[in-house]
Structure formats: structure tokens, C-alpha cells
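I opened a new page for this chain today. I wanted to look up how its strands pair and what its aromatic rings do.

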Amino acid sequence: TDADAEQQPLHADMKIMDSGLAPLFTVFIALQDITAAMGPTWLCPQTHNLESHLELSVLQSAAPEATGSSAGDFLRLFGASPASCDVGTAVIMNSQLLHCGGGQASSVAGGARRRLLYVTWHLPGNTPAEHSLRDELVGEFRLADFDGGPPPDHEQDLTYKRLFVEANKRDLNSMLEFALL
């Protein structure tokens, strides 16, 4: 995010209510020192459960445009803590945890582009949930592709890629086929 950016709505990357999936795990790595003025990620401990997701859904339905003090009320209600941290800090998070990117101060007040590397993992064979990867990049890369050595040989499984993308769009037949791969 950049200076003057508004706080994100409180959310989970993986919803519990419409999913019987094993949780995904996300790692955020700070690529710079993250200060309070830069709108650090706010994490709500122990909210990776159905009760917290239902409570948030009810609150957001009652106040769909929650900003400013009402957004701060949500953070207090769910016990949020800011992840202000030093460069290189890694935060490991269950993707069902409620969280949000904080609001940024102006550049004059110390707001600046906040740079994080984040990676999400799921168990092999776990039917996918929402993802932020562009559909055409699914299955294209492995971590070993970025370690500086010669690129490893890995064949792309086009059936896996097709079913993964379609299952993410909640196509029930694709979800079943993916689970049976």
C-alpha cells in the first residue's frame, strides 16, 4: 500500500463458512522496516474459527461501509494487534485468521509504500480456496525456479491447472474432480 491508503476491511483470506478445506498458511516477510505510520497488517489472534467469522459477517452486514472509528471498533472487538516489524521479519498466519492492512499516514507524517513478500501454502490435494494468483500462472513456477540455480525441469499438469482454476471459481464438478486427482 502507499501513503494515504485507507485501512482494508477486516477479512480472512480463506473463509470457513463455505469451506471444509484444510487451512492454508500464509507467510508475510517484511522487505523493509514496517512502522505504524505505514499501515502495518493488523492480526486478530484466535479468530480462525467459525464463531469469529459469523460475528464479523453480522457486523459487516449491519455496517457495510465501516471506516474510521467503526473500523477501529472492529479491530478492538477482535483483539487486533499491528504487525509493525523490522526488515526480514516473517509472520506465519493461518489464512482463516481475521486480519487487514492498516490505514497509511500521509507521506509527510511517515506514510510510505509498504512492501511485503507473501506466500501461501496448501496441502497437496487440498481442494483450493480463493487465491490471488493470476489464473494463467497456476502451476507455472516452483520455489526452486527462483533460487539462482539452473531452472529445474517440471512438466506442467494441464488437468491440475484447469481443475484448480475452475474449483477456485466454486465449480462443484471441478472441486470433486480435483479432490479425486
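My entries on the sheet and the rings follow.

I am working from a predicted model. Three strands make an open sheet, ordered 4-1-6, with antiparallel pairing. I noted strand 4 (90-94) and strand 6 (116-121) as the edge strands, since each pairs on one side only. From one strand to the next, the twist averages 20°.

**Strand 1 to strand 6.** I then checked the bridges. Strand 1 covers residues 25-30 and is joined to strand 6 by six bridges, running antiparallel. Phe25 has Trp121 as its bridge partner in strand 6. Phe28 sits opposite Tyr118 of strand 6.

**Strand 1 to strand 4.** Here I found five bridges, again in the antiparallel sense. Thr26 is opposite Met93 in strand 4.

**Aromatic rings.** How many aromatic pairs does a search of the whole structure find? I got one. The ring centres of Phe28 and Tyr118 are 6.0 Å apart, and their planes meet at 35°. Stacked would need under 30 degrees and edge-to-face over 60, so I logged the pair as tilted. Phe28 belongs to strand 1 and Tyr118 to strand 6, so the pair ties together parts 90 residues apart in sequence.

**Exposure of the two residues.** Is Phe28 buried or exposed? Its relative accessible area is 13%, so I put Phe28 down as buried; the cut-off is under 20%.

Conventions:
Residues are numbered from 1 along each chain as its sequence is written. This is a predicted model: local features need pLDDT of at least 70, side-chain atom pairs count only at pLDDT 80 or more; totals for chains, interfaces and linings use all residues. Side-chain values use heavy atoms; hydrogens and water are left out. Two strands pair if DSSP finds at least two bridges between them. Helices (H or I, at least four residues) and strands (E, at least two) are DSSP runs, numbered from the N terminus. Axes are lines fitted to C-alpha atoms, for helices over the stretch in contact, and angles run from 0 to 180 degrees between N-to-C directions. Rings of Phe, Tyr and Trp (its six-membered ring) pair if their centres lie within 6.5 Å; planes under 30 degrees apart count as stacked, over 60 as edge-to-face and the rest as tilted. Buried means under 20% relative accessible area, exposed over 50%, partly exposed in between (1.4 Å probe, protein chains only).
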